Amino acid sequence: MKNGDDLSVQLNDEDCLIVAVKPKPPVKDEYDNDDDDDLKFRLPHSSSRWKKRLYSFLHDNLKLPDIVLMVIFTLSLKAWLLITLWFILAPVAHRWDLGPLYILATGFCLILFNLGKRQVGDISAYSIFNEDFRELPGTLNADRFDRDIRAGQF
């Protein structure tokens, strides 16, 4: 036997040999760690002192999972204030029998405030909003479909 690679075995009649090949481990890159560090939440080094204290308290004393810590620390202070205000106003809306309307208004506000702005030169996916009703390249519409059928493309 050389280096554990070569092995000689004597088999008799009706003997069975099962061979298994050990797969090679995946190639590690500079980001791979053995203990799944990429799934752990870490505060940036530039975080303020109070955030570091709060993180230490929540992680070490309360033993909160990393996913909860991610949610807590990725939302801005403005977002936390809005969430708190929403939960304060929800019982008021319920008391006045406006609960479903409150939920619908919340959904519409979320959609409206998350629309965003187009940069100069960007075109919309909807041609009606573009100058000269310009379409995105590769858009399938009735005119193009008709032209392709007449040209024998289909």
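Author: A term is needed at the outset: helices are DSSP runs of H or I of at least four residues, strands are runs of E of at least two, and both are numbered from the N terminus. The model discussed here is a predicted one.

Reader: What share of the residues of the protein counts as buried?

Author: A residue is buried when its relative accessible area is under 20%. The protein has 154 residues, and the share of them that counts as buried is 8%.

Reader: At what angle do helix H3 and helix H4 pack, and which classes of residue make the contact?

Author: Helix H3 covers residues 77–95 and helix H4 residues 99–113; their axes are 8 Å apart and the angle is about 145°. From H3 the contact includes Leu85, Trp86 and Leu89, while H4 contributes Gly99, Tyr102, Ile103 and Thr106. By class, the contact has no charged residues, three polar ones and seven nonpolar ones.

Reader: Is Ser47 buried or exposed?

Author: Ser47 lies in the segment before helix H1 (49–61), and its side chain reaches the backbone oxygen of Pro44 at 2.9 Å. Because its relative accessibility is 16%, Ser47 counts as buried.

Reader: Which residues form the salt bridge, and how far apart are their closest N and O atoms?

Author: The structure holds one salt bridge. Its partners are Arg150 and Asp146, and the distance between their closest N and O atoms is 3.0 Å.

Reader: Why are Arg150 and Asp146 separated by about one helical turn, and how exposed is each?

Author: Both belong to helix H5 (residues 142–150); because they are four residues apart in this helix, about one helical turn separates them. Arg150 has a relative accessible area of 68% and is therefore exposed. For Asp146 the value is 35%, so this residue is partly exposed.

Notes: Residues are numbered from 1 along each chain as its sequence is written. This is a predicted model: local features need pLDDT of at least 70, side-chain atom pairs count only at pLDDT 80 or more; totals for chains, interfaces and linings use all residues. Side-chain values use heavy atoms; hydrogens and water are left out. Axes are lines fitted to C-alpha atoms, for helices over the stretch in contact, and angles run from 0 to 180 degrees between N-to-C directions. Contact means heavy atoms within 4.5 Å. Ala, Val, Leu, Ile, Met, Phe, Trp, Tyr, Cys and Pro count as nonpolar, Asp, Glu, Lys and Arg as charged, and the others, Gly among them, as polar. Buried means under 20% relative accessible area, exposed over 50%, partly exposed in between (1.4 Å probe, protein chains only). A polar contact is a pair of N or O atoms within 3.5 Å; within protein, one must be able to donate a hydrogen and the other to accept it, and residues adjacent in sequence count only if both atoms are side-chain atoms. A salt bridge is a side-chain nitrogen of Lys or Arg within 4 Å of a carboxyl oxygen of Asp or Glu.
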